[in-house]
Amino acid sequence: MFQKKRRRVNGVVLISMLIISLLAHLFYIITWQQGTVMKGINDGLSQMLPFKQFIYNQYAEGRFFYSADFGLGGDFFSSLAYYFTTNLFFLPWVAITWGFATLFQFTPDFDYWMMLVLPMSIFKQTVIMFVAYIFLKQILQSIRGAYVGAVFYALSPFFFRHEMYWDILTDAMFWLPLILIGVERIIRKQSLFVFTLSAALMMISNFYLSYVVLLTAVIYMIVRQFMHLTDNERSAFEQLKRYIASGIISFALACFAFIPAAYGFINNVRPPFQDPIKGFEINDAIIMSPRVLWLPIFIFILFFIKPLYRHRTFRFFAIFAGVGIIAHFIPYIGSIFNGFSAPQQRWESIVILSFAGMLGVAIKYFEEWRRDRTIVYGVIGFIALWSLFIWLIPQYESSVPLLITTAIWLVIFAITQWYRAPLIWFSASILVFSIIEANIFSEDLTKTGVATKSFITSEAYHSNEQQQAVEWMQQRKVSKDARIDWMVPYRNNTPMVQNFRGTSIYSSILNGDLLLWYLRDLQIDMARESVSRYGTLGNRTNLMAMQQVQFYMREKSNEAVPYNYRLVKVNENTQIYENDQYLPVFRIATKTYRQSDLDDAPVLAKEHAMLDGVIMTDGKEKAPKVKKRKILSNTVQGGHWDGEELIINQDKGRVAFSLAPIMGAKTMYVQMYIEGIRNYTGFTMEANEYRTTRKKSNSIYRTNYNHITLAVDASDQLLIELPKGTYRLKDVAIYDEDYTTLNAAYNKKNEADVSWNHGEAKGEVNVKKDDVLVSSIPYEKGWHAKVDGKKVAVEKVNYAFVGVPMKVEGKHEVELYYRPPYWPYALWVSVITWVIFLIYSWRQRQKIPKWQRR
């Protein structure tokens, strides 16, 4: 009977929370009809939606680890584990979508995932609300207090801001209270099951959020050793033993997903954050115009109500909340929670949950404080703090709707207190205020860059013209391996959105070897400097041939076209160029170049070595010679030299390099070091017809790789144009390319009869002893090879690609396949641990009387 009643109550609570979530999303529900999409135009459209579409497409086609369409090819399972590949909020939608798509024969496209944005957000917010309610009910022993606190927690600006821009981050709002339920059960001499299971599921779902949430949970555990909320708690040593045991079991349960994800993170390349971190910074107007953390008047007042401090639960949450508010303005804290990288405000769930705990206690003991005079001090303090914020941070304007609703709530609160209205009025006022503020904040968010259907279908993202052009190129591809070099400016994930095999990708986690190939080894300019991405091949025909780039599409305004790409189609806004001469995915290399001998060689020499043979750590040949053009002189217009620093003191200046005459070159490779010094805006640099952009000096997204190589049409003059500012421009060198080496590579007829199909490749090769099977497949640790059925080593060649040394002359069957590093072992550990864990948990549960089970 008790169990049935509890299930009925929980059912009613859950349904009511779904209704509240619908009301909290009312602004987006209404404006959806007007074309608004609950996604930011930056990472919301650049990563979140494209990744959902891409991962679904891969899973639906039976590919779970590797895709040739992930940039130049890559392990999307490990790289996108930071986002959605194992995300337990996303995977149910994948399963449901796949089921309906199979049953009703439709293909989910980008518009489909855009349509699901609101339902996915409402569902997630509802379950966040419910798990917070369970946690608070366990702590407070008050259904009403837990309910109101949970609603306030889930409807916070933290949820709506992150759900709009980076919806993976709102998962933390679910995992934190769930983990803390497990922590409290361990403390209160109950089972380890909830903590073990929740930690395992969280590590499966997202390894990054596991770090954030578990670090928060550890702080919570430590504080709880000094602040006891009940009289029957385990000793610190007994708790520690159980945390360690549970942690080990959780890791074993999750390691099939966690280990590949962690390896992908470790193998990633991102410059360490080197800028000074401020000790204190007010960057969020938390009471008058909140960005992440909202401190409403009804929470602020509670800090001043003396009778509430008689209750240890209130003291506990008030201390967490007070310290959390201060920590919110300390960038070092944000850096610690972001893996000691750039400060980010992604950890504040614990502060909001502490606010919710304070509110729950206040509701539980409402009659004890409702007439307390310290309420007046809280109101005065709130008004004073609002005024102080206006004075300290004038750049943040007060939200007028928030000011009005705050004033209205204060009047209602005063009236209900004066007439001793029942608790239901106070509780209802909090719920209504929270729902109204959720919609106010949502409207404010749309002023800072929200996606709209008209923007999504425009030339700035995914126009009908662009899609038709892509389909035109797809129909004319010479082979399935052919790539299209095209991306909407600044949208490196265009290939995912428009569904083609491209040359660009944008993800926080990527193949580190491939990133270094771009940034360090080959100095490939991507037309836009930024971390966590690569894109295009810098208009370098040699590289485009090695990566099977058949088509090159750009906006009509673009003047830089790679050599040998001819115009084949003109659209209204874009032009398409084609070069149907490119090298195969697999080639047999008979000549090996020693990588160390190429360290200081010109970039063009490295390209020639890759075309003529293969670059290996134990190669035999030295660097090939390339033609260097003499620089006769340079003159500055609109500025002057100050040593190695170039000072441009007009709106635009230029350096004109006069060069020796052209001797048969088609393209000239321009190597240089370029860095903006104290440039606090990004800048555009033009080198003849080629244009690229570089980050501002204090940007957290700069690569810190300032040596770049540009490919421009051969000329007897090089003009470098820069806007007003100070630059370090040095090591300028010009190398001529006549494409003799590339043409020789075309004519070698050394193609290997091996076919690449995403995470596997098979075929037959005919080789001489010590030849190398070279591919354009990016190297990752998970690649394995067999020759004639026997395992052989896969080597990293050409800095970042898969190569297989062939030790025996003759014909051989070759097979390559990919699995995430350590995945087979991790999978077995997880499977065995899950079986033992579930059997043991079931047996332990059978020992508990039914009326005591939860």
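Modeller: A residue counts as exposed when its relative accessible area is over 50%, and as buried when that value is under 20%. Keep in mind that this is a predicted model.

Colleague: Is glutamine 141 buried or exposed?

Modeller: Glutamine 141 is in the loop between α7 and α8 (143-154). Its phi is near 55 degrees, a positive value in a residue other than glycine. The relative accessible area is 60% and the cut-off is over 50%, so glutamine 141 is exposed.

Colleague: Is tyrosine 739 buried or exposed?

Modeller: Tyrosine 739 also has a positive phi, near 70 degrees. The loop that holds tyrosine 739 runs between β22 and α28 (740-747). Its relative accessible area is 1%, and under 20% is the limit, so tyrosine 739 is buried.

Colleague: What separates the C-alpha atoms of lysine 4 and arginine 483?

Modeller: Lysine 4 is in helix α1 (residues 2-24), and it is exposed, with a relative accessible area of 52%. Along the chain, lysine 4 and arginine 483 are 479 residues apart.

Colleague: How does α12 run relative to α13, roughly parallel or roughly antiparallel?

Modeller: Helix α12 (residues 207-226) packs against helix α13 (residues 236-266) with the axes 11 Å apart and an angle of about 170 degrees. Angles over 145 degrees count as roughly antiparallel. The pair α12 and α13 is therefore roughly antiparallel.

Colleague: How many residues of the contact of α12 with α13 are nonpolar?

Modeller: From α12 come Phe207, Met221 and Gln225, and they meet residues of α13 including Tyr243, Phe258 and Phe265. In this contact no residue is charged and two are polar. The number of nonpolar residues is seven.

Colleague: Which residue in β10 stands opposite arginine 566?

Modeller: Strand β9 is joined to strand β10 (residues 574-578) by four bridges, and the two run antiparallel. Opposite arginine 566 stands glutamate 578.

Colleague: Which residue in β22 is the bridge partner of alanine 687?

Modeller: Four of the five residues of strand β19 (residues 683-687) are buried, so β19 is largely enclosed by the rest of the structure. Five antiparallel bridges pair β19 with strand β20 (residues 690-694), where the partner of alanine 687 is tyrosine 690. β19 is also joined to strand β22 (residues 717-737) by two bridges, again antiparallel. In β22, the partner of alanine 687 is isoleucine 720.

Colleague: Which residue in β30 is the bridge partner of glycine 763?

Modeller: Strand β24 (residues 760-767) has a covered face with Ala761, Gly763, Val765 and Val767, while Glu760, Lys762, Glu764 and Asn766 make up the uncovered face. β24 pairs with strand β30 (residues 810-818) over eight bridges in the antiparallel sense. The partner of glycine 763 is valine 814.

Colleague: Which residue takes a positive phi in the hairpin of β23 and β24?

Modeller: Strand β23 (residues 753-757) runs antiparallel to β24, with five bridges between them. Asparagine 757 stands opposite glutamate 760. The hairpin has two residues between the strands, and the one with a positive phi, near 60 degrees, is histidine 758.

Terms used
Residues are numbered from 1 along each chain as its sequence is written. This is a predicted model: local features need pLDDT of at least 70, side-chain atom pairs count only at pLDDT 80 or more; totals for chains, interfaces and linings use all residues. Side-chain values use heavy atoms; hydrogens and water are left out. Axes are lines fitted to C-alpha atoms, for helices over the stretch in contact, and angles run from 0 to 180 degrees between N-to-C directions. Angles under 35 degrees count as roughly parallel, over 145 as roughly antiparallel, 65 to 115 as roughly perpendicular and the rest as oblique. Contact means heavy atoms within 4.5 Å. Ala, Val, Leu, Ile, Met, Phe, Trp, Tyr, Cys and Pro count as nonpolar, Asp, Glu, Lys and Arg as charged, and the others, Gly among them, as polar. Two strands pair if DSSP finds at least two bridges between them. Buried means under 20% relative accessible area, exposed over 50%, partly exposed in between (1.4 Å probe, protein chains only).
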